[in-house]
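Good morning, and thank you for the time. I would like to take you through a few local features of one model, and I ask that you keep the sequence and the coordinates in view.

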Amino acid sequence: MQTPPAFATCDLCDAHKTDDSGRFRVLPPVFRDFGAVRRFAGPVVTVKCFEDNTSVKAAVESAGEGRVLVVDGGGSLRRALLGGNLGVAAARNGWAGVVIDGCARDVAELAQCEVGIRALASMPLPTDRRAAGLRDVAVQIQGVWVRPGDWLYADEDGMVVSDRALT
């Protein structure tokens, strides 16, 4: 079991509440927890795909190195972009977390995965595989820009994104 990072998103928001530069952003409170890890942080890797998890699978099967995979699934509630097998792969390969602007499935299996997992909802229907998707591009997650190399911090209160590591 990994040691939770020492931060609180509330404290980060207090410290940056007057930042209007766009360097510090707060994600809307629409995400649910699915993984066994509730508090996670790390540099961001992005994937943009729609109802096709081919690029999500490729990402979580690669070395995570403590990073957070942020998936722009277009907010679709029609297909699940992450399930139990991919949750296990993310944990095994050292991803700190996976944040999906879309759905997850295999909820009971994901709850056992030692990785942070956030998604909009659960949906039992899997994706079609068309090999579509982009990696390492700027994405909009619920209207908030997230870029490769940004830092994402997630805890019980929510998720924030910064253009640099915060202390």
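**Local features of the model**

Let me begin with Ser162, which lies in strand S12. Please bear in mind throughout that this is a predicted model. With a relative accessibility of 0%, Ser162 counts as buried. Its side chain reaches the backbone oxygen of Arg164 at 3.0 Å. If we set aside the neighbours within four places in sequence, Ser162 is in contact with Arg23, Phe24, Arg25, Asp150 and Trp151.

Trp151 brings me to the aromatic residues. The structure holds 2 aromatic pairs. One of them joins Phe7 and Tyr153 in an edge-to-face arrangement, with 5.2 Å from centre to centre and 75 degrees between the planes. This pair links distant parts of the chain: Phe7 belongs to the segment before helix H1 (9-16), whereas Tyr153 belongs to strand S11 (residues 151-155), and the two are 146 residues apart. Both Phe7 and Tyr153 are buried.

Why is the pair of Trp151 and Tyr153 described as stacked? The ring centres of Trp151 and Tyr153 are 6.2 Å apart and the planes stand at 25 degrees, so the pair falls in the stacked class, for which the planes must be under 30 degrees apart. Taken together, Phe7, Trp151 and Tyr153 make up one aromatic cluster.

Which of its residues are buried? They are Thr9, Leu12 and His16. These residues cover an arc of only 60 degrees around the axis, and therefore sit on the same side of H1.

A word on the cysteines. The structure holds 0 disulfides. For Cys10, the closest cysteine sulfur is that of Cys13, and at 6.6 Å it is too far for a bond, because a disulfide requires the sulfur atoms to be within 2.5 Å. Cys10 is partly exposed, at 38% relative accessibility. Cys49 is likewise in no disulfide, its nearest cysteine sulfur being that of Cys103, 12 Å away. Cys49 is buried, with a relative accessible area of 7%.

Finally, I would draw your attention to the backbone. Most residues other than glycine have a negative phi. Asp106, which is not a glycine, has a positive phi of about 60 degrees. Asp106 is placed in the loop between strand S6 (97-104) and helix H4 (107-110), and its relative accessible area of 30% makes it partly exposed. With a relative accessible area of 33%, Gln142 is partly exposed.

That concludes the presentation, and I welcome your questions.

Methods: Residues numbered from 1 in each chain as written. Predicted model: local features only at pLDDT ≥ 70, side-chain atom pairs only at ≥ 80, totals over all residues. Heavy atoms only, no water. Phe/Tyr/Trp six-rings, centres within 6.5 Å; stacked < 30°, edge-to-face > 60°. Helix = DSSP H or I, 4+ residues; strand = E, 2+ residues; numbered from the N terminus. Buried < 20%, exposed > 50% of the residue type's maximum accessible area, 1.4 Å probe, protein only. Arc of directions from axis to C-beta. Polar contact = N/O pair within 3.5 Å; in protein donor to acceptor, adjacent residues only side chain to side chain. Contact = heavy atoms within 4.5 Å.
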